[in-house]
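Dear colleague,

Please find below the structure I promised to hand over to you. My notes on it follow, and I would be grateful if you could read them with the model open beside you.

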Amino acid sequence: MAKAAKIRLTQAFDSHAQNINETFQMLDQTDGGSLKKVEWSEVIKLGDEVSKQATIESRKGERKLVIPRLSGSVWEACAALKKTPSSNYTAVGRAITQVAVSIKDVIREMKELKMDSTLDHSAEGTDKFADVSNQPNEDDGLNMDELGTDLSPEEMTVAQSTISVISDALLVIKELIRFISGLARQPNMSESVDSLERLLGICQGIGGDVDELGASVYPPQELSLMKTTGAKISSRIERIRTEVAMLPGSPEGLYQVCDCLDCSLRKFETLLGQLNTGLEDKIEGLSIRV
């Protein structure tokens, strides 16, 4: 009898161990492109069922070693799953909100920039590219690490225009979150998951562009890079318009803030173009004098 019970226990253990190994192998696989997407609510229901099955295996007295520990791990994973967003709209909204938080941090840091108090702000002093032929060639013991990040008047003008662009980009992100929240309250919206994912990707791209702009305003400012980044943001805003146009709801508020951002971007591009042209002219004149 003892031998038969041992055989049955061994068979049961081997069967469960095989099931667990197959489960781990399945989890390690990359999702296939043909798999059907489901709502988060369905995922949570499946997690509840897995949790119940794991609890049943934890309570069987003859399995006191490996199975209880594995069941406990499954139960913890299922409990963590319950804390995930209840819908795709909530998940995307939270992810886009993280982009908004990051953009707010960039704006806060940029507003801490200040004008270089050591510069002469007179008409001549504002010319960063004045004749340097009379400047000493030696560094006079100057430590580059001590120069700081204070901006010249021209650089401050660029920084202020950049803040305007980024602030308007933040308004677009906020309005998009509001629009998505409105979609979540409408019935039969399961078919819009792909659009939500694309909108999230666009917003994350804008977040990366904002980081680039924020880094570019510190001297020496990279005007060409800033112009390119501004063009990227403009392109992404157009993609947002395209995606939103295919969804139900009332996007008028979103379109309005997109128009404001487009206006800021045009002013930003004009400013950079003027400064870049002036820089080239001054460098050319300096080369001739040298």
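Leucine 223 counts as buried, because its relative accessibility is 14% and the cut-off for buried is under 20%. Please keep in mind that this is a predicted model.

Leucine 223 belongs to helix α7, which covers residues 223–245. Leaving aside residues up to four places away in sequence, leucine 223 touches Val158, Leu272, Leu275 and Asn276.

The loop between α6 (193–216) and α7 holds proline 220. Most peptide bonds are trans. The bond from proline 219 to proline 220, however, is cis, with omega near -5°.

How do α5 and α7 pack? Helix α5 (residues 153–184) lies with its axis 12 Å from that of α7, at an angle of about 20°. Angles under 35 degrees count as roughly parallel, and α5 is therefore roughly parallel to α7. The crossing of these two helices is left-handed. On the α5 side the contact is made by Val158, Thr162, Val172, Leu176 and Phe179, and on the α7 side by Leu223, Met226, Ile237, Ile240 and Val244. Of the residues in this contact, nine are nonpolar, one is polar and none is charged.

Helix α5 also packs with α4, at an angle of about 165° and with the axes 10 Å apart. Angles over 145 degrees count as roughly antiparallel, so α4 is roughly antiparallel to α5. The crossing of α4 and α5 is left-handed. Residues of α4 that meet α5 include Tyr89, Val92, Ile96 and Ile103, while those on the α5 side include Ala159, Ile163, Ile166 and Leu170. The residues of the contact between α4 and α5 divide into 18 nonpolar, four polar and one charged.

Helix α4 itself runs over residues 88–110, which is 23 residues. From first C-alpha to last, α4 reaches 34 Å, close to the 33 Å expected at 1.5 Å a residue. Among the buried residues of α4 are Val92, Ile96, Val99, Ile103, Val106 and Met110.

Yours sincerely,

A colleague

Conventions. Residues numbered from 1 in each chain as written. Predicted model: local features only at pLDDT ≥ 70, side-chain atom pairs only at ≥ 80, totals over all residues. Heavy atoms only, no water. Helix = DSSP H or I, 4+ residues; strand = E, 2+ residues; numbered from the N terminus. Buried < 20%, exposed > 50% of the residue type's maximum accessible area, 1.4 Å probe, protein only. Contact = heavy atoms within 4.5 Å. Expected span 1.5 Å × (residues − 1). Axes fitted to C-alpha atoms, helices over the stretch in contact; angles between N-to-C directions. Parallel < 35°, antiparallel > 145°, perpendicular 65-115°, else oblique. Left-handed = near helix turned anticlockwise from the far one by under 90°. Nonpolar A, V, L, I, M, F, W, Y, C, P; charged D, E, K, R; others polar.
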